[in-house]
Amino acid sequence: MRTTTTAPASVRGNARRAANSSAMEAAARWGLVAYGVVYLMVGVLALRMASGDRGSQADSGGALRELARQPFGGFLVWAVGIGLAGLALWRLAEALLGAARPNGHRPRERLRSAARCAVLAVLSASAIAFAAGSGSGGSSDRQSRDLTSRVFDLPVGRWLAGALGLVIVGIGVWSVVRALRHSFREELGPVPARLRRAVDVLGVAGGVSRGVVFAVAGGFVVLAAVRYDPDEAKGLDDSLRSLAETPAGPWLLAAVAVGLMLYGLFLFALARWHRG
C-alpha cells in the first residue's frame, strides 16, 4: 500500500524537478527571446505599412521572410523555430504542473498556459517548416479565411464561428485590462529598481497594443459569422491594415505597430527576469 501511494507523488516530484531544471529554464529564456523577435519584426513591418509600404505583410509569415533576408537569415529562422518549440514545452509544463507565478496552480491559469502552448506550437512548426524549405510563411489572412470556412462547414458552424470570434475579442479586452493593471508583473522576478519603470512601460504599451489587435481580429470573425461570409475574417495582417482605415488613419496603425515592437522588447525583459 505504501508503494502505491508514494509512487504518484514521486512521479509528480520528478516531473516538477524536470520542469524547473536549468535546461528547461534555458529553453524558456531562449523561447521568450525568439517570441520577442517575432513581435518586434511584426511591429517593424506594420510601421512600414503605416508609412505607405503596402507590400509589407505584418504577421508571423512576413516576419519569418524578413528574418530570412538578413545576414545568416537561415540560422535566425531555425533559432526562432527551435526557441518557440522550447517555449511551448515550458508552457506545457506550466499547464500540467502549474506555473511559478501567483495562483499558477489554479485551473484558469493552467488553461491559459495550455492555450499559449498551442499557439506557440503552431508558430514553431511554421517557422521550422519555413527554415527547412517545406513552408512558405503563409499569410495569416488566408489561414483565417480557410479556418473560418471549415468551421462554417460544421453543424451550427456559423454559431461556433461567432462564439470563437467573441472569445478572441474577450481575450483582446482581457489583455488590455491585464496590461493596464500591470498583471504582467506576476511573471517577472526581481527587476533592478532603475529599470522597473521602463519594463512597466514596455509591458503596458505592448500589452495594450497586442490586446487591440486581438480584439480587432476577433471582431472580424464575428462579422464573418453575422454575414455568413468567411472572406470577412481577417488575420493579423489585414486586422492591422484595417486600423489605417479608421478616422485616426495611419497614425493609429503606427501607434499599434510601435506598441507591438515594445511588446517584443518586453518579452526580452521577461526572458531576462522571468519568475523561475
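Is Arg116 buried, exposed or partly exposed? Arg116 counts as partly exposed, because its relative accessibility is 22% (buried means under 20% relative accessible area, exposed over 50% and partly exposed in between, with a 1.4 Å probe and protein chains only). The views below come from a predicted model, where local features need pLDDT of at least 70, side-chain atom pairs count only at pLDDT 80 or more, and totals for chains, interfaces and linings use all residues. Residues are numbered from 1 along each chain as its sequence is written, and side-chain values use heavy atoms, leaving out hydrogens and water.

**View A. Helices α2 and α3 where they pack.** Two packed helices are described by the angle between their axes and the distance between the axes. Here α2 (residues 22-50) and α3 (residues 60-68) pack at about 95°, with axes 9 Å apart. Helices are DSSP runs of H or I with at least four residues, numbered from the N terminus. Axes are lines fitted to C-alpha atoms over the stretch in contact, and angles run from 0 to 180 degrees between N-to-C directions. The two helices are therefore roughly perpendicular (65 to 115 degrees; under 35 is roughly parallel, over 145 roughly antiparallel and the rest oblique).

**View B. The residues that meet between α2 and α3.** From α2, look for Val37, Val38, Met41, Val42, Leu45 and Arg48, which meet Ser60, Gly62, Ala63, Glu66 and Leu67 of α3. Contact means heavy atoms within 4.5 Å. These residues divide into seven nonpolar, two polar and two charged (Ala, Val, Leu, Ile, Met, Phe, Trp, Tyr, Cys and Pro are nonpolar; Asp, Glu, Lys and Arg are charged; the others, Gly among them, are polar).

View C. A salt bridge is a side-chain nitrogen of Lys or Arg within 4 Å of a carboxyl oxygen of Asp or Glu. Arg91 and Glu187 form one at 3.3 Å, N to O. Arg91 lies in helix α4 (residues 73-97) and Glu187 in the loop between α7 (157-180) and α8 (193-227), so this pair ties together parts 96 residues apart in sequence. Glu187 also meets Arg116 in a salt bridge, at 3.1 Å. Arg116 lies in helix α5 (residues 107-132), so this pair links parts 71 residues apart in sequence. Glu187 is buried, at 10% relative accessible area. Together, Arg91, Glu94, Arg112, Arg116 and Glu187 are linked in a network of salt bridges.

**View D. The pair Arg178 and Glu186.** The closest N and O atoms of this salt bridge are 3.9 Å apart. Arg178 is buried at 15% relative accessible area, whereas Glu186 is partly exposed at 25%.
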